[in-house]
Amino acid sequence: MTRVDPTSAAVPEMASQPMTHAGVVTRVLAACVDLAAVALVTVLLDLATAGVRFAWSPVTFRWPQPAAGVAALVLLAVAVVYLAVAWAMTGRTYGQRLLGLRVLSSRHMLLGWTRSVLRALTCVLLPVGLLWSGVSANRRSLQDIVFRSVVVYDSNPYVTPAAPPQGRTLP
């Protein structure tokens with residue numbers, strides 16, 4: 001299969017395959033992998049901050065000790081940015097790629113930046129909404145219902161769904 005241009009209107013490779021909505025177990029496993037990735041990025045940010053502080057003033061260097069509230073805000077911000085960028089650019093995070101999942105609009109297109117950011121915010125602030133996909137008949141989480149998105153099984157990591165045409169808004 002060839003890589004599809006994200007600006008094209010149709011995705012022939014994906015259109016020929018039935019889209020099966022992902023279940024709660026696969027979603028939770030992907031979320032655990034993503035949580036580990038976010039924690040790793042946050043630790044790397046802390047190390048980078050310490051490195052900059054050491055390079056700036058090695059004699060008076062002290063390890064950064066942010067307040068618990070600041071650390072929590074940084075962790076949440078990293079998580080929102082990680083999810084939003086991944087969903088807007090490719091439709092999948094690292095955990096979703098490992099488990100063969102993709103987040104798409106209800107029209108099976110990429111979400112776009114606005115919906116990706118808003119969906120990421122709600123996923124980070126209300127992660128229990130994910131568990132609704134285990135109860136829902138069509139396997140949709142609360143975030144999927146609110147932002148009209150779907151999480152489908154898509155094991156081909158190189159085929160990207162079409163981006164919405166410029167100037168056209170999705171319902």
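This is a predicted model: local features need pLDDT of at least 70, side-chain atom pairs count only at pLDDT 80 or more; totals for chains, interfaces and linings use all residues.
Q: OK, helix 5. How many residues does it have, and how far does it reach?
A: Helix 5 has 13 residues and spans 18 Å from first C-alpha to last, close to the 18 Å expected at 1.5 Å a residue. The expected span is 1.5 Å times one less than the number of residues. Helices here are DSSP runs (H or I, at least four residues), strands are E runs of at least two, and both are numbered from the N terminus.

Q: Which of its residues are buried?
A: Arg115, Ser116, Arg119, Ala120, Cys123 and Val124. Buried means under 20% relative accessible area, exposed means over 50%, and partly exposed is in between, using a 1.4 Å probe and protein chains only.

Q: Where do those sit around the helix axis?
A: Looking down the axis of helix 5, the buried residues fall within an arc of 155°, so they line one face. That arc is taken from the directions from the helix axis to the C-beta atoms. The face turned away from the buried side carries the exposed residues Thr114 and Leu125.

Q: And what covers the buried side?
A: The cover includes helix 3, strand 1, helix 6 and strand 2.

Q: Take Ser116. Why does it count as buried?
A: Because its relative accessible area is 0%. Ser116 touches Ala84, Trp87, Ala88 and Leu111, leaving out residues up to four places away in sequence. Contact here means heavy atoms within 4.5 Å.

Q: How far is Ser116 from Phe147?
A: They're 31 residues apart in sequence and 8.9 Å apart in space, C-alpha to C-alpha.

Q: What about Ala120, what does that touch?
A: Val80, Leu83, Ala84 and Trp87, again not counting residues up to four places away in sequence.

Q: Which residues touch the most others in the largest nonpolar core?
A: Of its 16 residues, Leu83, Trp87, Leu101, Val103, Ala120, Val124 and Val151 touch the most other members. Helix 2 (24–56), helix 3 (68–89), strand 1 (101–105) and helix 5 (113–125) each give two or more residues to this core. Helix 3 gives the most, with 6 residues. A nonpolar core is a set of buried Ala, Val, Leu, Ile, Met, Phe, Trp, Tyr and Cys residues joined through side-chain atoms within 4.5 Å.

Q: Switching to charges: how many salt bridges are there?
A: The count comes to 3, where a salt bridge is a side-chain nitrogen of Lys or Arg within 4 Å of a carboxyl oxygen of Asp or Glu.

Q: Which residues are linked in a network?
A: Arg27, Arg119 and Asp144. Arg27 bridges to Asp144, with the closest N and O atoms 2.6 Å apart. Arg27 lies in helix 2 and Asp144 in helix 6 (residues 142–147), so that pair ties together parts 117 residues apart in sequence. Arg119 also forms a salt bridge with Asp144, at 2.4 Å between the closest N and O atoms. Here helix 5 meets helix 6, so the tie is between parts 25 residues apart in sequence.

Q: How do strands 1 and 2 run, and how many bridges join them?
A: They run antiparallel, joined by 5 bridges; two strands pair if DSSP finds at least two bridges between them. Arg102 stands opposite Val152 in strand 2.

Technical notes
Residues are numbered from 1 along each chain as its sequence is written. Side-chain values use heavy atoms; hydrogens and water are left out.
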